[in-house]
Structure formats: C-alpha cells, structure tokens
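The sequence and structure come first.

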Amino acid sequence: MGSWQWNTTNDDVTFSNNLYTIFEIDLNETLTFDTYLSFVHPEDKEIVDISIAKSMTDNLFHDLLHRIITTSGKIKTVQIFGEVISDNGGQVIEFMGTCQDVTEQRMAEIKFKGLLESAPDAMVIVTDQGKIQLINKQAEKLFGYPSAELVDKPVELLLPKRYTNSHSTHRELFFKLPKTRKMGEGKELYAITKKGIEIPIQISLSPLKTEEGLLVSAAIRDITIQKKAEKKILEANGGLEVLAHKLTTKNIQLADFVHITSHNLRAPVSNLNSLLDFYKDAETEDEKIILFEKFEKVINHLTTTLNTLIEALKTKEESSKKVEILTFSEILNKTKEILSCQILNTNTKITSDFTEIPNITYNSVYLESIFLNLVSNAIKYKSEDRAPEIFIKTTIENGVQKLKFKDNGLGINLERHGHKIFGLNKVFHRHPDAKGVGLFMTKVQIESMGGKISVKSKVDVGSTFSINFNQKNE
C-alpha cells in the first residue's frame, strides 16, 4: 500500500516510495495527473474519468477499483481511497489518499465468482446479520432480482412472510454453531420471487470464513418439478389403490357370482335328476304327463335363473344391485316349483304368512337365492323322525322389516358352531350334499343390501332364521 497526493491547482502529484514500486516508476521521475492516467488500463479509463469528475462535483472522493499496466507491462488491480480538500469558496484544490495493490485478492475474488457462477444452483452469500453480500446469475434468474437490488438487503426479502419471524432465530443458531447442512435437510421450505410467486426449495448451508468475518453460503434449488412429479406419483398411487380396491371388489363379486351360480343351479339340476328317476319308474301315461309338466316348469325356472345370472354378470357394479318391487308369495311359489321334487319326496309342508309385508323393494336375484337356500337347507337337514315343516312369515318390529324361516329339522348346536354358522365351507351335519356355501352366500347377499341375518336353533327341535331387511336404517 502507498499514499498519494494531487494538487489540482498546479497538477503536482506526489507518490510514496511504495507507490513508485507498485507502478514500477523510477523514483526520480516527475509525476503529474496525466502520468497516473497513462498507467490506467485502457478498458478502465472511462470509469476513472467519471469517478474523478464526480468527486470534483460532489466535493467527496468516490473510491476507485481499477486496473493499471506497469512499466514492465504487468496488469495489476489497485484499490484507491481518498478525500477531497477545498478552499473557502468550495473550490477543490487537492486530493489525497491511499492506493493498494489488490491484484491477488481481486484474482481470488474473480476465481470465487467464477466458481459461484458455474454452480448449478442459485447461490446467496449472507453475513451473520442476514445481509446479502453476493448472488450468482442463477439466483438472479430464480428470484427475478438483478444483483444490485439484493446486495446489502436482508435475506428475508427472499422468504415468504410466514418465515421471516423465525428465520432470524435460525440464522443466529447457525452462526453460533456453524456447520454444513446438506441439501434438503430439515423442514420443507418455500422462497418468494420478486413477483411474489412462492416456489418450493431445498437449501444447503455452508459456513465461509473470510477476512471480513464468517459468512454463510446458501445453495438454493428450485424443486417445483420434483414436487409436481411427487404429486403425480401420489395421485397415481391413489389411482392404483382405487383400481386395486375395484379389482378386489370385482374378484369378490366374481366369487359371489360363482357361488350363487353353482348353488342356485345345483337344486334345480338335482330336482331334474330326481324327476327323471320318477319318470323312469312311472307306470302310467298320466303319471308321465304330470312328471313331464314338472320337468317343463323346472327347466323353465332353470333357464330363467341362467339368463338372470348371465345378465347380472354383464351388469356394471353400480347397477349390480338393481332393485324392484317383489311379492313374497310369488318368490315362494317359484321356490316351491324349483324344489317340487324334494318337497314331494320328503312330504315337506310349507306354510306362510305375508299379511304384514306382502311386498318388498329388493334385488330379485338375491331374494330368490335367499328363499332357495333357506328352504332347501330346511328340507336337506330334516329330522329322520318327522316330515319337514317350514313356516315363513314377514313382520315389522320397531320399524324394521323382517322375514323369518322356521323349521322343525335337525337344528344346530350354537354353543359349538354359532361363531362359524355363516362361514364359507362350514358344515354342521354329515350330509352328502353339504357344501357350506348356502348360508355364507345368504349372509353376503343380505348384508350387501344393508340387512342382517341371525339364527336361533335347538338340536333336534329346529331352527329359525331371521332377516332384518333394512338393518342400516334400524
């Protein structure tokens, strides 16, 4: 560092010995202001002229940073500080100050800025007081501010208002225990642009030791694209979950359909086989005509059942539980016709009382299946000591529509089997046709329509199955 003095009235310039060394000038050389100007780098002469002229006008020296070319051709960077001396009339008569060779510092600064500009992320250098010292082009692009508008401004300018109160506390804690924090470490953060647009960001912080003190270097990354991608992934996952649920529902419905089909077709097919045996054993034409008429009815019911089930399979999920007004007596008559051979063969007596509720709005496939399952079970599990008697009744209890099937069959040991009575493939009697599907499907069908089924039973006395149709509204 050297000192200098310039008398503007006689253009006399004085350099200290160090300044002669910096400029590589002979100590015996006479100096003028033009001597100094001759060393100024051609590309910097304009800023020097402007600065000197402004200092003359303002009576205030404006610090200068510019390059010089020494006598040997070396390019150096010098930092000039000074003051202006005026006469009583305010006329500038002298400049004096210091000149320092800052070439190495400037080269280091240029190198540092080069590294800063080459960084892929927005970089913001901040003091312990939260003042912005330096930003790179990526930061200018990200936040929409030119560098000049941010230097010496509080870093909170780049944060949404909801963060400003707590940020100063976080900054103080960081400077008390400075350490590198990885990108994305910590809470989710947002920054705000000059236009007031919030953007999701990730930040990594690094302490930076300088001659002026400890600074913090913040690397800021815009993660808007990642956030959108995450949102799409979450939406896709949600869609997959919905799809998986639909597939699960479809699989359950398919299994439901398979069980209904196999169970509902087993009874009429079995009936046909029995009728065929009767037909073979018939001795008169009248007997054969009667049996053939029964053949015709069972086949018609079998065809109707098949067509109904096929239509149900084609129906979409939302309409698979299509309801209509059904008459209990008609459903019972259809059930009797389908099971006519079993009824005849076992002397089964079926009575009913549908006076309280003669009709119901329900799904026809399900109601026919419920009747067929419960009536066929009552016949299948009859007592060996007496003919089957089945009593079917509709009632309204506390506003709930109920349907009851009472039989005098083998009964079920509820203490032993009550917990699994409606389970799939659960059987409670040694019967060659027992599959453990009927009661399971009956329960599934009733509950899918919002109802509930329960049973009371006593071994060798009989069972009573009670159906609450509108359990959801009970």
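The model is predicted: local features need pLDDT of at least 70, side-chain atom pairs count only at pLDDT 80 or more, and totals for chains, interfaces and linings use all residues. Residues are numbered from 1 along each chain as its sequence is written, and side-chain values use heavy atoms, with hydrogens and water left out.

**Helix α12**
- Helices (H or I, at least four residues) and strands (E, at least two) are DSSP runs, numbered from the N terminus.
- Helix α12 covers residues 364–380, and its end C-alpha atoms are 24 Å apart, in agreement with the 24 Å that its 17 residues should span at 1.5 Å a residue; the expected span is 1.5 Å times one less than the number of residues.
- Of the 17 residues of α12, 15 are buried, so the rest of the structure largely encloses it; buried means under 20% relative accessible area, exposed over 50%, and partly exposed in between (1.4 Å probe, protein chains only).

**Salt bridges**
- There are 14 salt bridges, each a side-chain nitrogen of Lys or Arg within 4 Å of a carboxyl oxygen of Asp or Glu.
- Aspartate 44 pairs with arginine 67, with the closest N and O atoms 3.0 Å apart.
- Aspartate 44 is in the loop between α2 and α3 and arginine 67 in strand β3, so the pair ties together parts 23 residues apart in sequence.
- Aspartate 44 is buried at 10%, whereas arginine 67 is partly exposed at 26%.
- Lysine 54 and aspartate 58 form a salt bridge at 3.5 Å; both lie in helix α3, four residues apart.
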